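Below are some questions and answers about one protein chain. Look over the sequence and the structure before reading on.

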Amino acid sequence: ATLAQLNTAYDLLANPVATTTTLTTAADAVTGTDNGDTLHGVVDADTAANNTLNASDVISMGSGTDTLNVTFETATSAAMPSASISGVEVFNIKNVSGQTLALDMAPISGATTLNVNMSTNIVNITNIESGTTGVVTGNGVVVNAASSFGYVAAATSSTVNIAGGTTAGAITVTGTGLLAETYTSTGAANTTGLITNAATTTAVTIDATTDLTATMTGTAVASLTVTGAGDVDLNGATLDATIITIDASGASGDVDLIVGNVATATNPGTVDIADVNVTGGSGNDDISFAGIDAGDDINVNAGAGDDTVTIDEVVETSSATVSGDVIVGGDGTDILAVDVTSANAQTAVTTVSGFEELTVTNALVTGGITVANFQAGLNVVNLAAGGIGEITFEAGSNTVNLVAPLAAGTLALTDT
């Protein structure tokens, strides 16, 4: 052998090159390198000539981060073959079989990522090890089907990355030991169906690098944290009544949500505490309390950005023993939106601050709104649904924006 050939051979030994292997219909025996190798396989229960991942395959990968791409083609059934698989860290599962795929990870250890990749049919994965990340990937065109990620009992936390432009598909996470769940949104803007959290999960975090539109439920979730630059739109449905703490202070994107009808909090002493606490971020947040009971005490600081806070109750006065409602608009041009019945009935409070505009969400009726009863210095009122009635401002320059036409009759404006 020449010196050059010896050098080449040595270099391959010292710096092995990652391999890409396409499985065959025969019994394949694949041994990986110490780099990130890739395998491609197809499962087709109906057509043997297409079926390249089968029970007779032995796949033993090296120490790199290795990937197995498996496509389940159209067939009368879909099941993971009982091949011998070890050393594979990333599974990209594409189910276009027309069937529901049940993937049990119990026989396969060491997976770090389980990616339901542009699947148009349901994928249910069970016995997922602690520390393994679930992924649902779209491309903005494929209509994603539902996915579920079932973790082993020893797992106390989970992460699901929603990526690439998902368009639909419910996501369910289960696990009898789960306490905390994280969802990330990356790549193109993502839309999902209903996200269902495990029955034991008490804390959920959404870290949105890119926009995410979803609805969410979970029987025990008490806290929701939202971070990231992406817009997070959760107001397609009301949040669960169990969620009493919402913290979006780390979010720079818009956060839109409807707070659930929370229960009355158990007070630690003789002083009443808020029943729900919400902190907005620096985006243009839309926070609605339209679904809560009149007796519930709310504590909200919408943060920076041009925010809208919606209520459908009279703001309750605070006292030495009663928390009352504390509603802070924060920086930016913020809107307090209220229904006309509550607006007419509102008496003077001092716990509303930081708002630049008051919006009456339904048609104005007689009864009389005193704007300063909400907040001193508030001088802009938006009539979202027109109507007629009376509005009293503080003395000075004031504005009424007619978003919809007035009804027949008189709109009476006065200042004091």
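Q: Of the contacts in the chain with a separation of 6 or more, what percentage comes from residues 24 or more positions apart?
A: The model is a predicted one. Contact here means heavy atoms within 4.5 Å. Among the contacts with a separation of 6 or more, the share from residues 24 or more positions apart is 41%.

Q: How many helices and how many strands does the chain have?
A: Helices are counted as runs of at least four residues, and strands as runs of at least two. On that count the chain has two helices and 35 strands.

Q: Is the chain compact or spread out, going by the globule rule for 416 residues?
A: For 416 residues the globule rule gives 22 Å. The radius of gyration of the chain is 28 Å, well over that value. The C-alpha atoms fill a box of roughly 100 × 50 × 50 Å along the principal axes. Because its radius of gyration is well over the rule's value, the chain is more spread out than a compact globule.

Q: Which residue in β4 stands opposite T31?
A: β2 and strand β4 (residues 58-60) run parallel and are joined by three bridges. In this pairing, the residue of β4 opposite T31 is S60.

Q: Is T47 buried, partly exposed or exposed?
A: T47 lies in the loop between β3 (38-43) and β4. Buried means under 20% relative accessible area, and exposed means over 50%. The relative accessibility of T47 is 33%, so T47 counts as partly exposed.

Q: How far apart in space are T47 and S77, C-alpha to C-alpha?
A: In sequence, T47 and S77 are 30 residues apart. In space, their C-alpha to C-alpha distance is 11 Å.

Q: Which residues of the largest nonpolar core touch the most other members?
A: In soluble globular proteins, nonpolar side chains tend to be buried together. The largest nonpolar core in this chain has 89 residues. F91 is one of those with the most core partners, and its contacts beyond four places in sequence include L68, I85, M105 and L114. The residues that touch the most other members are F91, L224, F289 and I327.

Key
Residues numbered from 1 in each chain as written. Predicted model: local features only at pLDDT ≥ 70, side-chain atom pairs only at ≥ 80, totals over all residues. Heavy atoms only, no water. Rg over C-alpha atoms; globule rule 2.2 N^0.38 Å. Pairing = 2+ DSSP bridges. Core = buried A, V, L, I, M, F, W, Y, C linked by side-chain atoms within 4.5 Å. Buried < 20%, exposed > 50% of the residue type's maximum accessible area, 1.4 Å probe, protein only.
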